[in-house]
Amino acid sequence: MKVGIIGCGAIANIIASRIVPEDNGIDIKYFFDKDIERAENLASFAGGVAVLDLDKMLNDVDLVLECASPSSVKLLAPKILEKGIDMIVMSIGAFMDKEFYTKIHDIAKENNAHIHLPSGAVVGLDGIKAVADFNLEEVSLTTRKSPKSLGRDMDVEEVLFEGKASEAVKEFPLNINVAATISLACNQDINVKIIVDPKVDRNVHEITAKGDFGEFKTITMNYPCSANPKTSMLAAISAIKLLKSFNETISVGL
Ligand SMILES: NC(=O)c1ccc[n+]([C@@H]2O[C@H](COP(=O)([O-])OP(=O)(O)OC[C@H]3O[C@@H](n4cnc5c(N)ncnc54)[C@H](O)[C@@H]3O)[C@@H](O)[C@H]2O)c1
């Protein structure tokens, strides 16, 4: 499977350094970034090709892995899917725009392309998906991050946001993709609280869900990526596992 990456930052660097062709024949061949130097650096490290012209990538790949920004998804995904090319999208917040979601769904369907949204920086999505249609009464996410990862400077804990996921992704487009992922998994605009906490050095996500099945709570305490403290290691790792899983004969879990 030939893969092209859009966005050569923290996530792309982790993925490109951990995937080898022996992993189910995954060949990460092309690298595109609005900052060409980043694309060139990663391409040279991974033995791939940096491209200035996205079409050069699209003419040769089976799958595009987006790890750039929600605006890049809105700009580039229609063109990619129209060519029937599958996508893994990391900037999942883009899908909270209902109009965009419908448009992109229809384009993918018409062109027999698939969009994969990895579970990213959070655990518990298997449970959320399983119970989504069984009177899931309440789902909420509380995210706790360090001031550094939110670009703030403060000494005391503060609630930065309390409201719906759709609003959270507008206010913090690069910080709260997990809220979008959970919302999409259960088809609800979930309740989100974002706390900036000078006592933590991890990105902590706590999910609670209640419904006819009972209830559960998950807590994920992520190490941030050194290259980008907004981003958790687990986000990149989940995309690696997703890529490797495409050719599995026996799949475990959802
Ligand atoms: N799904 C999740 O759980 C999850 C977790 C963490 C991060 N993310 C998202 O994944 C994306 C990548 O995260 P990261 O930490 O690697 O970011 P990063 O800032 O380290 O790297 C992003 C790269 O994308 C490039 N870029 C941005 N917009 C572009 C565009 N329009 N065209 C081409 N290149 C562009 C930038 O120049 C940069 O090199 C972000 O949108 C982030 O919010 C998702």
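Predicted model: local features only at pLDDT ≥ 70, side-chain atom pairs only at ≥ 80, totals over all residues.

Student: Where is Met-154 found, and which residues is Met-154 in contact with, leaving aside its neighbours within four places in sequence?

Tutor: Met-154 is found in the loop between β7 (136-145) and β8 (158-164), and, with those neighbours left aside, Met-154 is in contact with Pro-147, Val-196 and Pro-198, where contact means heavy atoms within 4.5 Å.

Student: Turning to helix α5, how do you know that its buried residues line one face?

Tutor: The buried residues of α5 are Phe-100, Ile-104, Ile-107 and Ala-108, and, seen down the axis of α5, they fall within an arc of 95 degrees, so they line one face of the helix. In general, an α-helix has 3.6 residues a turn, so residues three or four places apart point the same way.

Student: What covers that buried side of α5, and which exposed residues does the face turned away from it carry?

Tutor: The cover includes α4 (70-82) and β6 (115-116), whereas the face turned away carries the exposed residues Lys-98, Glu-99, Lys-109 and Glu-110.

Student: What makes Asp-97 a cap of the N-terminal end of α5?

Tutor: A side-chain oxygen of Asp-97 lies 3.1 Å from the backbone nitrogen of Glu-99, and a polar contact requires such atoms to be within 3.5 Å.

Conventions:
Residues numbered from 1 in each chain as written. Heavy atoms only, no water. Helix = DSSP H or I, 4+ residues; strand = E, 2+ residues; numbered from the N terminus. Buried < 20%, exposed > 50% of the residue type's maximum accessible area, 1.4 Å probe, protein only. Arc of directions from axis to C-beta. Polar contact = N/O pair within 3.5 Å; in protein donor to acceptor, adjacent residues only side chain to side chain.
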